[in-house]
Amino acid sequence: MADLANIVAVGILLGGIYALVSVGLNLIFGVIRIVNFAQGEFVMLGMYGTYAAYTFLRVDPYLALVVVLPGLFLFGAIVQRLILAPLRTEPTMQIFATFGLLMLLENVVLALTRGTAYSVTSVVAQTSIGIGGVQVGLVRLVALAAATGVAVALGLFLKHSMLGRAIRAVAQDRSAARLVGVNVDRIYMLTFGIGAALAGLAGCLLTPIYTLSPQIGTSFILPAFAVVVLGGLGSVLGAYIGGFIVGLTEAFAGYYLDPALKHAVLFAVFIAVLIVRPSGLFGQVGAEEVGLRDQS
Amino acid sequence: MSGALLQVRGVAKRFGGLVAVNDVSFDVARGELVSIIGPNGAGKTTLFNLLTGQLAPSAGQVLFDVQDISALSPNRRAQLGLGRTFQISQTLTSLSVVENVMVGAFLHHRGLKDAARRAEEVLHLVGLADRADVRAGILTLSERRRLEVARALALDPQIVLLDEVMAGLNPNEVQEVVSLVERLHAEGHTFLVIEHNLKVVRRFSERVIVIERGAKLAEGTAEDVLADPRVVEAYIGRKRAT
Amino acid sequence: MINPDGASAFAPASSAGAADRTGPRTRSAPRVKTFASELPRALLVLGLLSGLVYLYSGDTFTLNTLAAAFLFAGLSSAWNIIGGFGGQFSLGHSVFFAVGAYTTANLYLKAGISPWIALAPAALLAALVACLLSWPVFRLRGPFFAIATMAFTEVALALGNYMESITGGTRGMSIPFRLGFANMIFRDRLSYALLMLGFAALCLLVVLAVHRSRLGYYLQAVRDNEQAARAAGISVLRVKLMGMALSAALTGIGGGLFFMQVRVADPAALLSLFEFGVKFALIALIGGLGTIYGPLLGALVVIPLESWLRAELGGIVPGANLIVLSLCLILAALFMKHGIVGSLQRLFTIATRRIPR
Ligand SMILES: Nc1ncnc2c1ncn2[C@@H]1O[C@H](COP(=O)(O)OP(=O)(O)O)[C@@H](O)[C@H]1O
Ligand SMILES: [Mg+2]
């Protein structure tokens, strides 16, 4: 019984992390219809940005948000303008370009850090609390809370703010949005920027949890794809729920099967869902088709 | 009429709450040229998709050569002899014009040279022979339409379904396509044609089927159907409004 | 009735301006390029490559580079069948590569079967695995297909590390150095360069045969427009599977050859996304996606560039080769979608247009 509680706790906390990492990816897909293979690298950049702020400015990792968020927003907006905007109508070239970005960012960081692993501590990092007999690291709780907060805030932002409504209009029907006077190109740039900033936020909050390495982005991207596909393409709530599905699947597979196989199980489930219901468990049926038809 | 080439038996198609095609039945005999007319959004293209398998019917049956083909894939139906064009041309943009037609010709001509020879014959027929080596992506609208017809003809089909092939063409081009269809019909080809141009319909059709709001409103000779007050109201009245 | 084009089929052959538009029945065979008519050019290219090997037959470093370039020329050509012609963007080809490698190595080590012979079951098994994996996944399009195939790599890596009896697990697997032609183990680098040239030649000829066949056209039709392909009587799934099987079979052979050349590897190395899975696609793009000679040209540019970068900068800037490659990838996606072959073609058209008639 205590075992079960433990596994569920581990799964939910992991789910919070995955949800946090995936929200930006799903926002970008939902609005711009681009599958950003480099999203994990944006998280990685967020982590290294936090590390830099921690080392050079001597601020707590959580405070580094003040620098990291705008930094990644800007970076994302520039990437969108320079690389993705010219490729709007070419899905194959988008895959090449975002994958190229993934390789580039990972190896540039590798070259800069020469592969040294860094780690960062926060006052929060050493603390853990007991909940119903299960010991839970406070940093992971923070990530979980942040994921929840981000999902709620993003949902409210999209529903009620002017910009959010414009973003939703573009996501639903680009040409109609253009007709009513929305600057679609600007929305694309802003959305990609916001998506990147959300990755930066994830990076910041994960810095005290993980040891930093240039490869960490790549290790996030496939679970993030799994989250997005399982939860529902293009839906904020979907990314949140998908995070927990993936986290729990991984935790249970790691416990009941060989831990070495937990990824194999996770991705097998992921591929199965992708095949049976490509729009995800909570997504609108045909979302993935719409995106592709739009572009061709 | 049990021997007709194409027999449509009460087909229907629902998209959620919308009934796009509602219990439509008709026959097309070998060697006939039948037109389908009806206002925009009446369900004509959806009906075609049910006949050639792009969509599965919610109800009803499609018999081809007395075989029930309702459950077959579009490619199986094409192999059996149903050729079609699409209202929005589906050009293979990275291939040349002759290669586009070869893709159709390969169905009955496995060899590269045989397929190419057949493709060139068909291109002559539709008047695109001098564009054979051009990349299909750069063709004009009217050329694309003719290319679609050519690819369908290259299948050596038993019946050809044309979805608004004249739309957007200038009068000269319409004239070309009309005489092409008439010539092929005279040679014994069977056609089912969705057409908006009533002058054209009046000129070639032995039989006209009117579709309105998914259902068959009338069927008969062009004169009879076009004189039918219900048709005039539903079709012509509506058309003037749009 | 004004109807010049439509009437031409019945016009007398002598009528003005209709010299090249005689009636359909009297036409001679059309000018279509066949395998036979394209073969001389392919053989010429392969002959030039052999000349290159002969020229550098004393230079170990260059021979190594050439061997790697030929290997990747073959692998990327194989990827091009399904990725370029068929438009199915697979990031999972390293799985078929690894299947080929482990089949060859295990048959050789455990059953004493010569690698030359083991390449056949390696190819078969790779094709079989490819078909079984892609059967369900071919429902997905574009980036979703790419993601699923990327996930295959991850599953295969976990399984590879787990199945120690076949792969040696994370410690890897090695093949003892026993010289001999039957063992496919040589001391001189020239033999390996020639071996890989042979592989590249095989792949090039298969690609050429596919491109000049019904299957080649069907793959391209499926890539351009699945709906139109279906309406033309093409079974889209079957065509994709056939393209994938051929592509994976060649990739499996490449895997077997690679393992026999390096003689030691672990699953992480064989299933590396950057070193294999993506590189096949990257080389094809840089050379010319969906062209016959693109992947060959791409490999002859990319691999020497990489090995030069590794030699010059590898010690100073780790990952320098991948940085340059990824920049090339992004730039090619932005400015050179048709790769080197496309650019050369464009130059050629411009040049010939400039020449006054
Ligand atoms: N795939 C689809 N999903 C939902 N509704 C559709 C679909 N295809 C067509 N419709 C609807 O069915 C009706 C008939 O459309 P269509 O067959 O294209 O008409 P027509 O060809 O006569 O102009 C229209 O209201 C159209 O919006
Ligand atoms: Mg229509």
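Is Gln87(B) buried, partly exposed or exposed, and what is its relative accessibility?

1. Gln87(B) is partly exposed, at 31% relative accessibility; buried means under 20% relative accessible area, exposed over 50%, and partly exposed in between (1.4 Å probe, protein chains only). This is a predicted model, in which local features need pLDDT of at least 70, side-chain atom pairs count only at pLDDT 80 or more, and totals for chains, interfaces and linings use all residues. Residues are numbered from 1 along each chain as its sequence is written, chains are lettered from A and ligands numbered from 1 in the order written, and side-chain values use heavy atoms, without hydrogens and water.

2. Thr45(B) (OG1) and Gln87(B) (OE1) coordinate the magnesium ion (ligand 2) at 2.0 to 2.2 Å. The two residues are 42 residues apart and link distant parts of the chain: Thr45(B) is in helix H1 (residues 44–52) of chain B, and Gln87(B) is in the loop between strand S6 (82–84) and H3 of chain B. Donors are N, O and S atoms within 2.8 Å of the metal (3.2 Å for Na, K and Ca); water is not among the atoms, so sites may look incomplete. Thr45(B) is also partly exposed, with a relative accessible area of 26%.

3. Helix H9 (residues 214–224) of chain C has 8 of its 11 residues buried, so it is largely enclosed by the rest of the structure. Helices (H or I, at least four residues) and strands (E, at least two) are DSSP runs, numbered from the N terminus. Among the buried residues of H9(C) are Leu215(C), Tyr217(C) and Tyr218(C).

4. Chains A and C share the most contacts of the 2 pairs of chains in contact, where contact means heavy atoms within 4.5 Å.
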